[in-house]
Structure formats: structure tokens, C-alpha cells
Amino acid sequence: MPPVKVKGHAKPKNTKKVILRLLEYMGKYKALWPFVFLCVVISSGAGILGSYMIKPALNEYIIPLIGNENPDFTGFIKMLIVIAGVFLVGAFSTWINSRIMLYISSNLLCKIRTDLFHKIETLPVKYYDAHPHGEIMSRFTNDTDTLRDMFSQTVPQLMSQGITILGVFVMMIVLSPLLTAVVVVTITLMLLLAAKIGKKSADAFRENQKSIGTLNGYIEELIEGQKVVKVFNHEEQAIQDFENLNQMVQKAGTRANSYANVLGPMMGNLSHIQYALVAICGAFLVISGRIDLGTIAAFLQYTRSFSQPVSMISQLFNSILNALAGAERIFEAIDQIPEIDEGRISLVNAYKTGDKLVQSFATTGTWAWKNPVDNSLKELRGEVVFDHVTFGYKENKTILHDINIHAKPGQKIALVGTTGSGKTTVINLLTRFYDVNPQNGFITYDGHKLNEIQKNDLRHSLGMVLQDTHLFTGTIEDNIRYGNPEASFYQIEQAAKLANADYFIQHLENGYKTMITGDGASLSQGQRQLLAIARAAVANPPVLILDEATSSIDTRTEKLIQDGMDKLMKGRTVFVIAHRLSTIRNADEILVLDHGRIIERGNHESLLAQNGFYHRLCAGK
């Protein structure tokens, strides 16, 4: 597996839009924000008031008591009690604020994850084909983690420090406008420098997030394909590829965190220089008698209280930029165009009264297509027609060329051909995982064009058994019931017997209640395939699609289930993709595909008699 190259991630097209989007989520808890703001004001105000009280403490108590033989500390103690009370109120407000923000951030992230998952579930299959699973997972993990940090920590701190800066600035002007001017000039220089570094930090964090997503995708692929890695002795190459990707992450992370780590100490040292300048200027003012000692002491404390929030805000920018990079990726997925469904015709239960179909709201075993224009019902028969269909996943690369198929109700249509001949693409079009351009032919289902049928109803009428079986965490019973959530245990058991899965299930320790984890890692590939067949059987679909359904089943098991499969296929239209030609000998029509074209068609005997491509496939030539 070649190493994946990581390119620098582009800047957001509209950073303002991302911020407004986050504010929109935050606005859902607007009833709580006034309490948050009030707590922040009280907490910040307590700190500001505490610093100001240094002035009266020095001027009215400490300095007058110096050299006094019998000092009276009563007033000073009362003042200390007042200061302690102020700080206790501030601490309590900070605790209340943190609890409210914890509630808001937890619920807000829950909402974002829900929106993201809902959108992911509505996206077409081509989105998953174009995006590695690890990259998608990274949006649920790394990117949401950065948002959690921002909402639970950065936003409260930003509000608190902003109010502190405003309050301290007002008090500094009140104490000494001249010294305030010195502070403003030095702070401006610090902010200009921070902005320059912050711009570079933003690019670095976006690249870092992108490289982490790529690495996660590679790790997921390697874990899923570990057996392939080991059987081909590819461990060393896998390690080398991982190290290359890991080094890219290390370089991107180092670059991003270098800016973050430089900014904090730099701002801290500059704030020390600023403090020294203010102290020197203040000393001259005290000596000249233009300001008292208590005022300069309080002002110096405000200088520290002013520069520290400014330095902290500059550091918070790193967290904000990191979170915005993650939010951009999340919103990019949320803003993807969902699977388009312009279909109007729905699938309903029905029953016959004479020759007339009547809609039923109970399960009847008879299905009908309902046209909403006139509410007419047409029985689902399973007739599928491909009419001069030409298709390509990309505009400049055609996969299928002028495909014509007519599957009559109850017929078994087999698709055979070499790898890449277009067999699976035919199924992708029938299930509407991809859509045919109307200018390149069309597909009809019981006379209705495929895009006129609602996608959910179309797929509800189809049962599929894929070559790559996927089982979910849960019991065997739950995995079979996935094909029909309303199925009773009796129906599940009958479906398992039909697929010949009941025998091995009964021999498991907990039978149908046996838990499956790790995509059924404790089961053999053949057993997993049998469960997939049982899942399709319990759905009882009018049209059945078998994509290499028996590819992972040994010859003995294949013979045992063939009768059951014949019963399952009886009365249904069936599309079978198979390399094992023994499974399609009894097909009503066999279509031989080569490079996206149907080059031969007919039943097994007639195709053998042609002595062509199909004959060579059967002969293994």
C-alpha cells in the first residue's frame, strides 16, 4: 500500500460563515447566556474591585500605621473581610459559570454530532467511495474534540478576559490617563506581533487536522486488512508507510504547536517589559508628587491584570483557530448535498378484491406501487428493464455501453464476466446507488422509471446479499432481523433454516442470542455469508440481488443451500452475479459482459453451443 501524500489544507472560503454557524448553535441556548454573562461580570468585577482596594489599603491604613506605637487594626481587618467576601462571591460565580458552560457545551456538541451523523446517513454511496472511512471518523473524534475544548474552556475564558480587560482599562484611566497611554502603546505592539504569528498558526493547525485525518484513515485500513498484510508479509512496508504518514503528522503538529508555544512565552516576556516601563514611569510620578503611592500600587496591579488577559487571549486564538479548522471540516460534511430523491411513487401493502387492488395498512404479503397523482395502485410484479443504458462514474470514463436487459417477473437473470466488466455497476444502477443520466438511456421497474420511485421504497422492494458480508454488533437474531425489523422469532428461524444457517446457529453456545462483535470475527466467512442470506430471506423481497452470494461457501454447503435458495428465488425476479458458474446454470437468461458491453446472452445450453466467451469461461480458459 503506497503512502498517502498530505497536502496543505486550503483556508476556509468564509471564516466568518463558520463563526456565524457556531453562533447559531450557541443561540439554541440563549436562555442560559444571560446567566453566563452575569456570572462572568460578577467574577471579573470581583477581581477588578479587589485590585482597586489596594489603593485605600495603602493610603488609609498601611502607610498611616507605619511607625505608630499603638496601631489600631480594626478598620484594616474589616477591609480585609470585605475583600475576602468580594473574592468569595467571585469564586462562586466562576463555579456557577463553569457548570452552565459544561451543560451548554455537552448539549451543543451532542447536537453537532447528531446533525453530522444524520447528514452522513443521507449522503449517496459515491461520497463514501471518495472519502476514506478514517477521514469521516476523524470528524466525529478529533474535530469534535477541538470544539469541545473551545466551548467548555476557550469561550468562557474569552468572555471573562474580555470583560476583565474592559473593566481594568476603565479603572486605569480613572487612576492615571498618562500611565494608561504607556500601557496602550505597548499592548498595541504586542497585539500586532500576536496577529502576525496567529495567521501562520491558523494555516499550521488546518494542515495538522488534515494530516491527522489521513493517518486515521490509513490505520483503519490496515487494521481491517491485517490478514492480507500478514499473508503477503507486508508488515515492514506497512510500518514504513505508517512512519511516513506519522512523520507528516509530527511535522504538521510541530509546526502548529511551535507557533502556539512561541506565542505564550513571547507575550509573557513582553508583559514583563511593559510592567517594568510602567513601574519606572510611576516612580517618577510619585517622586514628583503627581501621584500617591496607593494609586501607583493599584495601577501596577491593574497593569498585570490587563496584560495577562491580553496574553491569554492571544493564546486562546490558537485554540480557536484549531477549533475553527475542525468546525470547517464538520460543516463541510454537514453541507454536502444529500442523496437526491425526486421520486413520488411509493410502495404500499395491498390486497385484491376481485380484480381490484385496495391499499392496506397491515402486512398482506402483496405489494403495490401507489401513484400520488391519482392514487392508483399497480401491483409489484418485479419486471425490470434496462433500455440502452450508458453510464460512467466519471464523465470522461464510460463503464457501461448501451446495456439492454429485460427481466420479466419471476425470471432469474445472471450476470457473468471478468473482473471490471461492469456487473456490479449494473446492480449499483438498479439500487440507485448511482443514477443514470436521462440522456444515456433509462431503467424501468414495473413500467415506472426508476427515478420516479422513492428511493426508500425502491430499496425496500429489493433484497441484497453482497459478497462482502457486514454484520453489526448484536445478537445473531438481531443481525437476521436487520432485513425486517418487524419479523417475529419464528420468521427469523424459518429464514435461517431456508439459508441452512439454523444448524450452525443451534450449535453455538447461546444459539440465536449469541453476541456478534468485530463484524462477526468469531464466525467463519461461510457462516457470515449464510447469515447474510438469512437476512435477505426474512425481508421477503419481491426482487432479489445476489452478488457472489455463495462465493465464500464451500461446495458441500453450496449444495445444501441450493434448494433453499431456489425456494427463496421462486416467484421472484432475481439478479445473480457469479464467478462460480455452477450457481447460474438454471438461470433463465445469462448475460455475458466484457468491458461494459453485453457480448453474449442466452441460457446455459445455448451459450455453450455458441462456443464463445461464455464457453471459455466455463472451460476455465
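Trainee: Which residues is glutamate 493 in contact with, leaving aside its neighbours within four places in sequence?
Mentor: In this predicted model, glutamate 493 is in contact with Asp502, Gln506 and Tyr512 once those neighbours are set aside.

Trainee: Where is glutamate 493 placed?
Mentor: Helix α15, covering residues 489-498, holds glutamate 493.

Trainee: What is the nearest side chain of opposite charge to glutamate 493?
Mentor: That is lysine 497, at 4.7 Å. Glutamate 493 has no salt bridge, although the residue is buried. The cut-off for a salt bridge is 4 Å.

Trainee: Changing topic, how many salt bridges does the structure hold?
Mentor: There are 16 salt bridges. In one of them, the side chains of aspartate 335 and arginine 21 meet at 2.7 Å, N to O.

Trainee: Which parts does that pair tie together?
Mentor: Aspartate 335 lies in the loop between α11 and β1 and arginine 21 in helix α1, so the pair ties together parts 314 residues apart in sequence.

Trainee: Is arginine 21 buried or exposed?
Mentor: Arginine 21 is buried, because its relative accessible area is 17%. Aspartate 335, at 44%, counts as partly exposed.

Trainee: And what does glutamate 339 form a salt bridge with?
Mentor: Its partner is arginine 459, with the closest N and O atoms 2.6 Å apart. This pair links distant parts of the chain, 120 residues apart: the loop between α11 and β1, and helix α13. Salt bridges with shared partners join Glu339, Glu342, Arg432, Asp435, Lys455 and Arg459 into one network.

Trainee: How many disulfides are found?
Mentor: Zero, in a search of the whole structure.

How values were computed
Residues are numbered from 1 along each chain as its sequence is written. This is a predicted model: local features need pLDDT of at least 70, side-chain atom pairs count only at pLDDT 80 or more; totals for chains, interfaces and linings use all residues. Side-chain values use heavy atoms; hydrogens and water are left out. Helices (H or I, at least four residues) and strands (E, at least two) are DSSP runs, numbered from the N terminus. Buried means under 20% relative accessible area, exposed over 50%, partly exposed in between (1.4 Å probe, protein chains only). Lys and Arg count as positive and Asp and Glu as negative; His and the chain ends are not counted. Contact means heavy atoms within 4.5 Å. A disulfide is a pair of cysteine sulfur atoms within 2.5 Å.
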